[in-house]
Amino acid sequence: MNVITLPEQGCDWDSLKQRMQVLQRGDWSHRDGRLPLHCYFAGEEVGKVAAEAYSMFASANALAPQAFPSCGQMEREVVAMVLDLLHRPDGGAGSMTSGGTESIILAVKAARDHARAMRHAHRPNIVIPESAHPAFDKAAQLLGLDVRRVPVADDYRCDVAAMEAALDDETVLLVASAPSLPYGLIDRIEAMAALALRKRVWLHVDSCIGGMLAPFVQQLGYPVPAFDFRLPGVRSMSVDLHKFGYAAKGASLILYRDAADQQFQFSRFNRWPKGDYFTPTLAGTRSGGAIASAWAVMRFLGREGYLHISRQVMQLRDRYLAGLAALPSVQLLGTPELSVVTFTTRSPSHVFALADGMRSRGWYMSLVASPPAIQQTVNLVHAALADQYFDDLRAVLHDVLARGTEAPADRQQLVVTY
Ligand SMILES: Cc1ncc(COP(=O)(O)O)c(C=O)c1O
């Protein structure tokens, strides 16, 4: 095996760049629309703003707002703009983080430490729908909490009565998604918020996918139920700016209804020789790049720009819904409010054969395990190849149905592509 060591001598940038371009050839393109998730596109110009702003501040360290007040100011402005979109109550607060996972870990920490400060919990737990992101389990593992994952209702949204039955005096956090990643459906957040108030439990709404899309889709007149701070029981929210916010990767927000709750997220330490060490998030050093990228894209687009893009996203989503409705045997798992579309086939085992056929035609497939389904986070990167996607889907489906192709049993045990 080749042992990799630091080269004795450096190499010129042009040759390195060429080698990196070769490496890149092995990646799926984030621009050609064959990846169903992971990449979000809002036009070349927006991408350029995101990248240039990132590189301008790539070396700035937001750990030290005294040294880099620019980062502090941009972060405060990004937080304020998104709190406003999500019907900020007076006194709201938040921080920028590296991604949805970090935002969620911080929300769980804040809820745990808040509960600790208020009452003694012997073995604290969090109650989350089965469809919630695994970042909650990661957080619970790190923070020493039990997780109670509650099966979703028949319509794949959280089952509020079952969530209520699962909580007890040791529950420090309830969770709902807007929308969930596997199904693309917004949970019953109004009912969850009422439950949270009645039981006096912290409710976190994970709107990593929807936080920067739903407000605009709502404004465009599509039916989107209340999911944000408008509902008094919603205490914290996670919102990814590197998804439908169109910032460079590494940009998310953890937001609180009440600034006092944010205190439980912070970390302070002074029992070392260098005195006070304060970090608002999990990171120490934080690149100013992601903060600058989010700030610049949000100001570049403005409300008008996001509305324009969101309208196009929803029109494309409607093309997907119409395309799927026209296919034999295909069934949507509920009607999505936003643009995450999940569908299955009448015989669920056909899903795997369908995915295999699509893979052989050059599509990366995002699968759901339970029930077997195909998922796509529709955004503008998918516009150019949408017709080809449906031509291929129709052809492969025709084949699968004609042959009655059942996936071999052990296919169902395979790890589902993320
Ligand atoms: C609903 C939801 N929550 C949380 C996350 C985690 O976000 P990240 O991958 O940025 O850590 C994702 C990622 O796709 C998500 O879809």
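His38 sits in the loop between α1 (13–25) and α2 (44–56), where helices (H or I, at least four residues) and strands (E, at least two) are DSSP runs numbered from the N terminus. Although His38 is not a glycine, its phi is positive, at about 80°. The model is a predicted one, in which local features need pLDDT of at least 70 and side-chain atom pairs count only at pLDDT 80 or more, while totals for chains, interfaces and linings use all residues. Residues are numbered from 1 along each chain as its sequence is written, and side-chain values use heavy atoms, with hydrogens and water left out.

Two further loops carry cis peptide bonds. One of these bonds joins Ala178 and Pro179, with omega at about -5°, and Pro179 belongs to the loop between β4 (171–177) and α7 (189–199). The other runs from Ser370 to Pro371, with omega near -5°, and Pro371 is placed in the loop between β12 (366–368) and β13 (373–377).

The protein chain is assigned a domain 1 (50–300) and a domain 2 (303–413), the bounds being taken from an automatic or database domain assignment. Between the C-alpha centres of domain 1 and domain 2 the distance is 29 Å. Across the boundary, 29 residues of domain 1 are in contact with 27 residues of domain 2, contact meaning heavy atoms within 4.5 Å. The size of an interface is often given as the accessible area lost when the parts come together. Here domain 1 and domain 2 bury about 2,300 Å² between them, with 66% of it on carbon and sulfur atoms; this buried area is the accessible area (1.4 Å probe) that two parts lose on being put together, summed over both.

On the side of domain 1 that touches domain 2, α3 (69–85), α8 (214–219) and α10 (288–325) each supply at least two residues, and α8 gives the most, with 4 residues. The count of salt bridges between domain 1 and domain 2 is 1, a salt bridge being a side-chain nitrogen of Lys or Arg within 4 Å of a carboxyl oxygen of Asp or Glu. The side chains of Arg157 and Glu337 meet in a salt bridge at 2.6 Å, N to O.

The whole structure holds 25 salt bridges, including one in which the side chains of Lys109 and Asp113 meet at 2.6 Å, N to O. Because Lys109 and Asp113 are 4 residues apart in helix α4 (residues 100–118), about one helical turn separates them.

The ligand has 14 residues around it, of which Gly100, Thr101, Asp206, His242 and Lys243 come nearest, a residue being near if one of its heavy atoms lies within 4 Å. A backbone N or O atom of Gly100 is 2.9 Å from an oxygen atom of the ligand. From the side chain of Thr101, an N or O atom lies 2.5 Å from a ligand oxygen atom, and for the side chain of Lys243 the corresponding distance is 3.3 Å.

Conventions. Polar contact = N/O pair within 3.5 Å; in protein donor to acceptor, adjacent residues only side chain to side chain.
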